[in-house]
Amino acid sequence: MTIDDFTAGFTQEPGYLDYGRVGPLSTAAAEESLVFTQVLQRARHGSLDEIREQDGRVRAAASAVTGFPADQIVFQPNTTTGIMHAMFGLTGGVLLSAEEFPSLPIAAVRAQEALHTVQPVWLETDHGKVTPGQIREQLESNVAAVAVSLVDSRSGYLCDIEGIRQVIGDRLLIVDAIQGFGVVDAPWEVADVVLTGGQKWCRAGWGTGFMALSPRALDQLTPVFSGFTGTEEDEPWGEVPPPAPDARAYRVSNPDPLAEARFAASLEEIADVGVAAINTAMTERVSQAIELADEFAIAVVSSRDERERAGIVVLEPPTEQVTLLTASLHNHGVTATMRQGRIRLSVHAATSGETLEMLRAAFVSYGTAASY
């Protein structure tokens, strides 16, 4: 598959710059959803066997993208469920920033409150940026794990997980990957736990995600929320067997096979074209969006360094003009996120020239109105 083939699967209307919130379904994911919905609707003899096969399919697809073996990957309905599994399974201190997306710090505190086996250790950061240097300076002896977001959802900062691995040694590295998974060619092999959902940059819709675990994570984490499908028995009637020795232990119940089919179709496309090619196309369009902001003197507060950014561009107009810029974007059909006085543009590989022209028109109107 070429990058042109891949981008042809983007069918949303022009003006969409909000993949950091949700990615409109890819053509492949939408078609897969329709096919398996009809299979389930008709329930033809023998058809349910194919539906059951989607769990193995989605784990194989996730393996192709991450490099983790399929038996070290377990489907999850979203990123946060996987984060809860990881945090409740920890013993010892977990170093993380309180400025991370709420899923991480809340899970750490809830685990501490409930089990008293994990202790959040709050990392002081440089305006929310988690860097290897800061971790090195604040790494205490009781820290058993470090938890980070691959890409910060507010600043767009791309974390150096390889550098963090070098600093933390054999401690567990837990990565919330959702804001970069599928578009950032990250060294997943340095992580012990990779958690992501498919509804953003992968464009697979809600209800999709996975948890990938290294052998070290499987050895050190306790599968606290391990349900009846988390054992080596299909249906353990009359007994309570121990959790499975692999990633299956982190299943609570049967997964949604239609969601798995959507996510599998999306991941298969990503693996086919290659994350590196997707990232190259996305990087070019991110640069174009930054150049447009510069042209109209709109402050860009996300990183300009390609090594520190993914698909998020963060704009910070003067406080009194935030509403004006937001309204201008809306009036010109540009979908973006306004949060805490900033505008977040989420640019993908298929962001079109027409979308960028709509962004330009919005900036023109904003500039004209702001000059009065």
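The side chains of Arg248 and Asp246 form a salt bridge, with an N to O distance of 2.9 Å. A salt bridge here is a side-chain nitrogen of Lys or Arg within 4 Å of a carboxyl oxygen of Asp or Glu. The structure is a predicted model, in which local features need pLDDT of at least 70, side-chain atom pairs count only at pLDDT 80 or more, and totals for chains, interfaces and linings use all residues. Residues are numbered from 1 along each chain as its sequence is written, and side-chain values use heavy atoms, with hydrogens and water left out.

Arg248 is partly exposed, at 30% relative accessibility. Buried means under 20% relative accessible area, exposed over 50%, and partly exposed in between (1.4 Å probe, protein chains only).

In total, the structure holds 17 salt bridges. Among them is the pair Asp18 and Arg21, whose side chains meet at 2.9 Å, N to O. Asp18 has a relative accessible area of 0% and is therefore buried. Arg21 is partly exposed, at 47%. Asp55 and Arg59 form another salt bridge, at 3.1 Å, N to O. These two residues lie 4 apart in helix 4 (residues 54-66), so about one helical turn separates Asp55 from Arg59. Helices (H or I, at least four residues) are DSSP runs, numbered from the N terminus. Asp55 is buried, at 13% relative accessibility. Salt bridges also link Glu32, Arg57 and Glu268 in a network.

Helix packing was examined next. Helix 11 (residues 275-295) and helix 13 (residues 353-370) pack at about 15°, with axes 10 Å apart. Axes are lines fitted to C-alpha atoms, for helices over the stretch in contact, and angles run from 0 to 180 degrees between N-to-C directions. Helix 11 and helix 13 are therefore roughly parallel, a class that covers angles under 35 degrees. Their crossing is right-handed: the near helix is turned clockwise from the far one by less than a right angle.

Leu115, Val224, Phe225 and Val252 make a nonpolar surface patch of about 310 Å². Patches are made of residues with over 30% relative accessible area and no salt bridge, nonpolar side chains (Val, Leu, Ile, Met, Phe, Trp, Tyr) being joined within 5 Å. Areas come from the Shrake-Rupley method with a 1.4 Å probe. Val224 sits in the loop between helix 9 (215-220) and helix 10 (257-273). Val224 is partly exposed, at 37% relative accessibility.

Key. Patches are made of residues with over 30% relative accessible area and no salt bridge: like charges are joined within 9 Å, nonpolar side chains (Val, Leu, Ile, Met, Phe, Trp, Tyr) within 5 Å. Angles under 35 degrees count as roughly parallel, over 145 as roughly antiparallel, 65 to 115 as roughly perpendicular and the rest as oblique.
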